Amino acid sequence: RYPPKIAKMTTIYAVYLIAALDITWMFLQFSVTPYLAKKLGFDTLWFGYLQTTVGVIQLLGGPMFGRFADLFGARTALSLACASTVVFFLLLAIADTPAMLFIHKIPTIFMHVLPASQMVVTDLTKPEKRADALSKLGLCFGIGMIVGSTLGGQLSKLYGEKFTAYFGAAGSAFSLLLVLKFIPKNTKAETTRGNTTVFNLGEITRLMKFPTVMQTFIIKIVAGLPSGIFQVMFSIIALEFFKLQPEQNGYLMAYFGIVQMVIQGGVIGRLTARYSDNSLLLLSIGVSSLVGLAQAYIQNVWQFCLNILPMMFSLSVFNVITDSMLTKSVPSSDTGTMLGLCASVQSLLRTVGPTIGGFLYVNYGISSIGLIQFFVNIAVFVYLLQRRLNKTAKQRK
């Protein structure tokens with residue numbers, strides 16, 4: 001059963017806070033891991049292996065975690081995710097060998113606070129309000145990105161990496177207390193029936209058979225891959241192509257965060273109230289193709305800062321709309337599993353992105369990444385537009 005309206009809103013606001021804190025702790029970690037890896041003798045190649053390891057672990061864990069959330073409820077799923085984050089930071093604090101740095105990544109298999117938060121918001125909102133509610137989680141991401149980057153940098157500078165990691169563990173423990181206090185045991189209108197095994201590939205892939213799910217999922221992967229490659233290569237591009245210093249890179253990340261907050265908090269809700277999901281999907285892919293074309297000809301960081309505005313707009317709209325469309329296509333008892341599958345798409349991009357992006361960047365330069373984004377997205381745009389025109393023509397007949 002749904003809780004009363006006030007209790008429902010309290011739960012949603014608590015989830016927003018938990019999500020913002022989780023992103024804060026994750027960006028806090030970004031101020032520790034690269035420097036610790038350097039101290040332990042990691043070169044760029046081995047640091048890439050470390051990042052790929054996380055991608056593979058989360059790729060495997062995402063769908064299973066989503067299924068776990070559907071079976072055992074929101075509180076249990078979020079508790080597991082926050083508890084795993086505590087263990088993650090404690091292992092990071094005691095990591096003093098290259099092997100330990102790899103071992104500390106193992107808990108990331110359950111560290112899916114954001115998909116679990118999306119599940120709760122999906123369960124507690126009506127389908128027509130869902131995209132707007134999910135976009136507010138992106139606002140939380142922007143806040144966490146700015147606070148975490150700033151806080152992590154200051155703590156590492158003043159007290160060192162070990163203290164910062166322990167601070168992250170304490171913060172994650174606080175997030176766990178918030179989950180136990182404010183999140184109800186179950187938030188679903190209907191519970192999962194039939195097979196109740198978490199590790200059941202058939203139950204997970206069954207969702208692909210619902211109408212439009214497979215098509216939307218393929219579009220999410222194909223259209224999202226080129227921009228995903230750019231995102232995972234950004235730290236290398238900032239360092240080598242734009243020649244940014246660490247503090248300049250921090251300012252740029254804060255700018256990213258602010259732009260995302262404005263778009264997620266103030267723009268997407270208005271757009272979803274006025275336009276259909278299919279129209280917004282078409283718009284986001286069209287804008288993304290133009291972003292890729294502009295990216296291919298960028299020469300300096302100021303031009304890049306201008307391109308960030310349409311880039312963040314297309315990324316934000318694309319991610320929110322595809323997640324919203326996919327959760328609307330399956331029964332409410334399966335939305336957690338579907339969001340877990342959506343999260344695994346991001347993990348897939350983080351897994352293959354460094355390899356593809358590294359090859360393109362080294363052999364063909366930064367412009368090749370932008371041109372591939374342009375050609376892939378324009379092809380998807382034309383395909384979707386053609387389908388839409390054909391559907392309109394059939395309806396007129």
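Which domains does the domain assignment of the protein chain give? In this predicted model, the assignment divides the chain into domain 1, covering residues 1–188, and domain 2, covering residues 199–396. The centres of domain 1 and domain 2, taken over C-alpha atoms, are separated by 21 Å, and the contact involves 34 residues from domain 1 together with 39 residues from domain 2.

The size of an interface is often expressed as the accessible area that is lost when the parts come together. Between domain 1 and domain 2 the buried area is about 3,000 Å², with carbon and sulfur atoms giving 67% of this area. On the side of domain 1 that touches domain 2, the elements that give two or more residues are α3 (44–72), α6 (113–124) and α7 (127–159), and the largest share, 14 residues, comes from α7.

The largest nonpolar core contains 94 residues, of which L101, I183, L252, F256, I285 and F304 touch the most other members. Helix α1 (residues 5–30) provides the largest share of this core, with 13 residues, and at least three residues are drawn from each of domain 1 and domain 2. When neighbours within four places in sequence are left aside, I183 is in contact with T11, A14, V15, I18, A74, R75, L78 and L178. Apart from this core lies another core, of 11 residues, including I204, L207, V330 and M338.

Notes: Residues are numbered from 1 along each chain as its sequence is written. This is a predicted model: local features need pLDDT of at least 70, side-chain atom pairs count only at pLDDT 80 or more; totals for chains, interfaces and linings use all residues. Side-chain values use heavy atoms; hydrogens and water are left out. A nonpolar core is a set of buried Ala, Val, Leu, Ile, Met, Phe, Trp, Tyr and Cys residues joined through side-chain atoms within 4.5 Å. Buried means under 20% relative accessible area, exposed over 50%, partly exposed in between (1.4 Å probe, protein chains only). Helices (H or I, at least four residues) and strands (E, at least two) are DSSP runs, numbered from the N terminus. Domain bounds come from an automatic or database domain assignment. Contact means heavy atoms within 4.5 Å. Buried area is the accessible area (1.4 Å probe) that two parts lose on being put together, summed over both.
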